[in-house]
Amino acid sequence: MAVNQQTSASAEAEPYADDPILELRDLKTYFFLERGVVKAVDGVNVALGRKKTLGVVGESGCGKSVTFRSVMRLVQSPPGKIVAGEILLNRKNDATVDIVKLDPRGRQLRDIRGAEIAMIFQEPMTSLNPLHPVGRQISESVLLHQNLSRRAALERAEEMLHKVHIADPNRRLNEYPHQLSGGMRQRVMIALALSCNPSILIADEPTTALDVTVQAQILDLMRELQDDFDSSIVLITHNLGVVSQMADHVAVMYLGRVVEYAPVYDIFHNPKHPYTVGLLNSVPVLGRKDDKMLVPIKGMVPSPMEEIRGCAFADRCPQTMEICREQTPIFKESESGHAVACWLHE
Ligand SMILES: Nc1ncnc2c1ncn2[C@@H]1O[C@H](COP(=O)(O)OP(=O)(O)O)[C@@H](O)[C@H]1O
Ligand SMILES: [Mg+2]
């Protein structure tokens, strides 16, 4: 295998399929536009283990963001709609809830958002309000979900700024987002996301806009906070180097589906789907020792409005067979803990 680097999990990583905190089953989220239906998420199956990090990779437009915005029920509707599937949140001492079934304006969903599942974005200003001091934003989120006094909530905000290593947190409480650097805004967004101690943190390209040094600091911070808060993390990124350092498991997405899912070690050292192999050969990986030539995957991702017969990757795949153009491969386990949707592995 071309990729030669340290990975955070061992090859014998514990399978956790018997106790995931979050499970997506055959999830489909479509956008109904005048010019047609965009099948942005078209049958996603994936699980997130307790206190684990799931890396989600795939080229731009593959449905990574829409999948996890669906989990938060943040897909704009209309034109977006979850048309099928389940999003199961398996609480520790409580019954499982299917997030798909919840009333979008109901109490239950509001309680889950923020207090149980929080999301951070590439652009911190997606979460931060430019008009309010950051301390007030964090304390108000705390007040929304926890029964605390205003004063206690502000103390919590200060404690959170301290936890994300913002110097002089007491002074920063009164500052506005525009007074902070990009890296610091990212830290504030993380503080805001974690202020109610959610069990799941979904991070959508959280470091993409940052320079390499700040990026490394933010990733360190996320790892540290994961230990502190016992959180399970979904880390969406196109950066395979980041995935190799952070993830326990990896889901590779292609055109609205997960096409390969495995422990991180196996994704890098024993990839099974030709798309995964293509991705590994086409992008620079931080920390990769060899100076291997990068080989782009030929062609482009088809439009999610197209009806595709057979495997959606067939036109770009170096190993296409006859059956690939006729039947859609089924996503299933080929080895214990390693699932793939590819006729080569039937
Ligand atoms: N609001 C929207 N309306 C119509 N199409 C959308 C909308 N949001 C996303 N899409 C489409 O859904 C597909 C998946 O997008 P996205 O999840 O953002 O991809 P990724 O995060 O993997 O880059 C893309 O084809 C995108 O154009
Ligand atoms: Mg995205």
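1. A polar contact, as the term is used in this note, is a pair of N or O atoms within 3.5 Å; within protein, one of the two must be able to donate a hydrogen and the other to accept it, and residues adjacent in sequence count only if both atoms are side-chain atoms. Under that definition, a polar side-chain atom of Ser65 lies 2.8 Å from an oxygen atom of ligand 1. A backbone N or O atom of Val66 also lies 2.8 Å from an oxygen atom of ligand 1, and a polar backbone atom of Cys62 is 3.2 Å from an oxygen atom of the ligand. Taken alone, ligand 1 exposes 560 Å², of which the protein buries 67%; accessible areas come from the Shrake-Rupley method with a 1.4 Å probe, and for residues only the protein chains shown count as cover.

2. Some conventions should be kept in mind. The model is predicted, with local features needing pLDDT of at least 70 and side-chain atom pairs counting only at pLDDT 80 or more, while totals for chains, interfaces and linings use all residues. Residues are numbered from 1 along each chain as its sequence is written, chains are lettered from A and ligands numbered from 1 in the order in which they are written, and side-chain values use heavy atoms, with hydrogens and water left out.

3. The shell around ligand 1 consists of Phe31, Val38, Ala40, Glu59, Ser60, Gly61, Cys62, Gly63, Lys64, Ser65, Val66 and Pro304, where a residue is near a molecule or strand if one of its heavy atoms lies within 4 Å of it. Strand S2 (36-49) and helix H1 (64-71) each supply at least two residues of this shell, and H1 gives the largest share, with three residues. Helices (H or I, at least four residues) and strands (E, at least two) are DSSP runs, numbered from the N terminus. By class the shell has six nonpolar, four polar and two charged residues; Ala, Val, Leu, Ile, Met, Phe, Trp, Tyr, Cys and Pro count as nonpolar, Asp, Glu, Lys and Arg as charged, and the others, Gly among them, as polar.

4. Strand S2, which supplies residues to the ligand shell, also belongs to an open sheet of four strands in the order S2-S1-S4-S5, with antiparallel pairing. The edge strands are S2 and S5 (97-98), each of which pairs on one side only, and two strands are said to pair if DSSP finds at least two bridges between them. Strand S4 (residues 80-89) and S5 pair in the antiparallel sense over two bridges, and the bridge partner of Leu88 in S5 is Asp98.

5. The loop between H1 and S4 deserves a careful look, as it holds both Pro78 and Pro79. The peptide bond from Ser77 to Pro78 is cis, with omega near -10°, and the peptide bond from Pro78 to Pro79 is likewise cis, with omega near 10°. Elsewhere, in the loop between helix H4 (150-163) and helix H5 (169-172), lies His165, whose phi is near 60°, a positive value in a residue other than glycine.

6. Strands S11 (residues 332-335) and S12 (residues 338-340) pair in the antiparallel sense over three bridges, and they form a hairpin with two residues between them, where Gly337 in the turn has a positive phi of about 80°. Lys332 has Val340 in S12 as its bridge partner, and the side chain of Lys332 is joined to that of Glu346 by a polar contact of 3.4 Å. Glu346 itself lies in the segment after S12.

7. The largest pocket holds about 530 Å³ of space and is lined by 19 residues, of which Arg113, Gly114, Ser141, His145 and Leu192 lie nearest its centre. On a 1 Å grid over the protein atoms alone, a pocket is an open set of points with protein on both sides within 12 Å along at least five of seven lines, a cavity is a set of points where a 1.4 Å probe fits but cannot get out, and lining residues have an atom within 4 Å of a point. The largest share of the pocket lining, five residues, comes from H3, and the lining as a whole has eleven nonpolar, five polar and three charged residues.

8. There is one cavity of 30 Å³ or more, and the largest cavity contains about 80 Å³ of space; grid points are joined across faces, edges and corners, and a volume is the space filled by probe spheres set on the points. Of the 13 residues that line the largest cavity, the closest to its centre are Pro274, Cys311, Cys317, Cys324 and Cys342. That lining divides into ten nonpolar, three polar and no charged residues.
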